[in-house]
Number of protein chains: 2
Amino acid sequence: MPKAPRIAVTDVTLRDGMHAIRHQFSVDDVRAIAAALDDVGVSHIEVSHGDGLGGSTIQYGFAKENEDDLIRAAREVVRRARLTALLLPGIGIIEDMKRVQKLGVETIRIATHCTEADISEQHMREAKKLGLEVVGFLMMAHMLAPEDLAHQARLMASYGADVVYVVDSAGAMLPEDAYARVKALREALPDTVEVGFHAHHNLGLSIANSFAAVDAGATRIDASLKGLGAGAGNTPLEVFAAAAAKRGLETGLDLYKAMDAAEDVLRPRVPRLVEIDRASLTLGYAGVYSSFLLHAYRAAEQFGVDARDILVELGKKKVVGGQEDMILDVALALKKQKEAAAAR
Amino acid sequence: MPKAPRIAVTDVTLRDGMHAIRHQFSVDDVRAIAAALDDVGVSHIEVSHGDGLGGSTIQYGFAKENEDDLIRAAREVVRRARLTALLLPGIGIIEDMKRVQKLGVETIRIATHCTEADISEQHMREAKKLGLEVVGFLMMAHMLAPEDLAHQARLMASYGADVVYVVDSAGAMLPEDAYARVKALREALPDTVEVGFHAHHNLGLSIANSFAAVDAGATRIDASLKGLGAGAGNTPLEVFAAAAAKRGLETGLDLYKAMDAAEDVLRPRVPRLVEIDRASLTLGYAGVYSSFLLHAYRAAEQFGVDARDILVELGKKKVVGGQEDMILDVALALKKQKEAAAAR
């Protein structure tokens, strides 16, 4: 058993959870959920479109309400936790950050693909000047070897990040993968910079991966009520609270309040829960972006191959967002393989 | 990474899964699900009432169909896997075992509370004489220290068990708990006796605990489609197949077929999926029997205390089935504590 550290839990129900309900939380939903979370004892409550500030667009999906109204609703009720927003440079801009700080946001999380920390430089430096707590968010972190990920994290730290997260966007990591990456960051970063871990549950390992991250030195863990989040969802907050208490980890979470928030506050407000279904399991297994899913299904039909084989192949090739044209190449190659096999 | 062992997976969808649908699978359901599972490549398919042979009673819940008809339906379609039945001495009897063997059952799993291996002696010796494969099933295994559990397992081995399972009935184990118990059994048993692990998902750790069990020497793992099972359910077969493949474990499972069986065969046949809700999470956290739940809620109402506090206290006292009268004592003590605290 590791020695009991103090783990700060950032709740993402009102940000990553937005993906699971197509960004349709209302101002009333946000007020009720944020108030309950604040009472549970999470250290940070993130409120944003699933794709961050400025994400409410035809490309990423229109939110039900204006993002400023959602942030104001949370600000009215949050007393203990730090109000947090996510920003993906390119979707959100520096002006968004300034605007939400005036509404009461205290922590900004700046997310980039794991190989592109350098595009966060301007935003981080500006956020530091504004006096915000700055958190770097290295997405799809399973795609980079630990030492390369640590290099990207060092860049973020050099821009002023107070915390850098290893983000398992595709839910593709095993506990040993989470451990190795967090450990590499912990060893590469100065003691003044914390390491965080954001899990997805595609392989059913969100709790175990979060434990592995803590064992490797992470002091920030993301979670959400009922695991509400993109794909198979995130680490379920109430389950993490229970399992962490059993493990002797200090999280500051009130277990019964977390259970009640999940069941009495969140559950009635969502039409369905997240689950590990064929699509999300395939994404975790292949380790690819969820945005590839629909393209892969289309290509599979066109070429008469299994969409899962396409996704697994894309994972092997480490294809990233913007390379969607690769999907047709992969489908065609698989079709040829299949024909060659049939001819033998 | 551990060296790749060969893991045989026993499917319990048609036995533990029965609990989740109040034992209402039809002959047609069993035929369809067993055929799909056989094609997935599981080594054993267990078909029984949730509480084992003879469990269809007013006390344990009446099954939709006669157990012989369900076993016959499975026998018609299962080609590769060993057809398996569960028996709890006291609920099922030796005659049940003989009868189902004639219907084609090849493996019998004999389950006792973890401290009571000795009540399996007659059944195991008789099963061995009949030429059945014999599996011992030590339930609520989190309640015993590893070395004491190993002692019980040695008893089962001495009666002729070919395999002994560590059964986390309440889903109360952390990975380190599963590891320690499987390891103790592996070291205590002769090499000719395999060790198995049966997880429940109450703390969201079924996959991770199964991995820990494999690392400690388990070569038999239980799973079910979509995790269908009592409480928060079992290790989801299709998710285990994917995560195990990523980990380099040889399971003999066809991942795509497992996904398809879960989604196309099982899913349409159940009204709702299992989930980690307040009740099942509390059971896992407290480490108590699900049969205590209703009693605890009643006592909580009567004495004006939180049912969860009752369950946690019962867990600490290691109360077992048959000691339900303890629930009132615990509730009364909690009420007095509460009054004393209020008076201070």
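**Close-up views of a predicted two-chain model**

**View 1. Domain 1 and domain 2 of chain A bury about 430 Å² between them, and carbon and sulfur atoms give 63% of that area.** The structure shown is a predicted model. Within the side that domain 1 of chain A presents to domain 2 of chain A, the three residues A:His113, A:Met140 and A:Met143 supply 82% of the area buried by domain 1, more than any other three residues. Sorted by class, this side of domain 1 of chain A holds three nonpolar residues, one polar residue and no charged residues.

**View 2. The two domains of chain A are assigned as residues 8-269 for domain 1 and residues 288-343 for domain 2.** A distance of 31 Å separates the C-alpha centres of domain 1 and domain 2 of chain A. Contact between these domains involves four residues of domain 1 of chain A and five residues of domain 2 of chain A. The interface of the two domains of chain A has zero salt bridges, while two residue pairs are in polar contact across it.

**View 3. Chain B is superposed on chain A by a rotation of 180 degrees, with 0.0 Å of shift along the axis and an RMSD of 0.0 Å.** This is the relation of a two-fold axis. Of the C-alpha atoms in chain B, that of B:Ala208 is nearest the axis, at 3.0 Å. The same surface serves both copies, as 100% of the contact residues of chain B recur in chain A.

**View 4. The interface of chain B and chain A buries about 3400 Å², 60% of it on carbon and sulfur atoms.** In general, the accessible area lost when parts come together is often used to give the size of an interface. Here, 39 residues of chain B are in contact with 39 residues of chain A.

**View 5. A salt bridge joins the side chains of B:Asp260 and A:Arg308, with an N to O distance of 2.9 Å.** Across the interface of chain B and chain A there are 12 salt bridges. The interface of these chains also has 24 residue pairs in polar contact. On the side of chain B that touches chain A, at least two residues each come from α8 (206-215), α9 (237-246), α10 (255-266), α11 (278-286) and α13 (307-316) of chain B. By class, that side of chain B comprises 20 nonpolar, five polar and 14 charged residues.

Definitions and conventions. Residues are numbered from 1 along each chain as its sequence is written. Chains are lettered from A and ligands numbered from 1 in the order in which they are written. This is a predicted model: local features need pLDDT of at least 70, side-chain atom pairs count only at pLDDT 80 or more; totals for chains, interfaces and linings use all residues. Side-chain values use heavy atoms; hydrogens and water are left out. Copies are superposed by least squares on the C-alpha atoms of residues with pLDDT of at least 70 in both. Contact means heavy atoms within 4.5 Å. Buried area is the accessible area (1.4 Å probe) that two parts lose on being put together, summed over both. A salt bridge is a side-chain nitrogen of Lys or Arg within 4 Å of a carboxyl oxygen of Asp or Glu. A polar contact is a pair of N or O atoms within 3.5 Å; within protein, one must be able to donate a hydrogen and the other to accept it, and residues adjacent in sequence count only if both atoms are side-chain atoms. Helices (H or I, at least four residues) and strands (E, at least two) are DSSP runs, numbered from the N terminus. Ala, Val, Leu, Ile, Met, Phe, Trp, Tyr, Cys and Pro count as nonpolar, Asp, Glu, Lys and Arg as charged, and the others, Gly among them, as polar. Domain bounds come from an automatic or database domain assignment.
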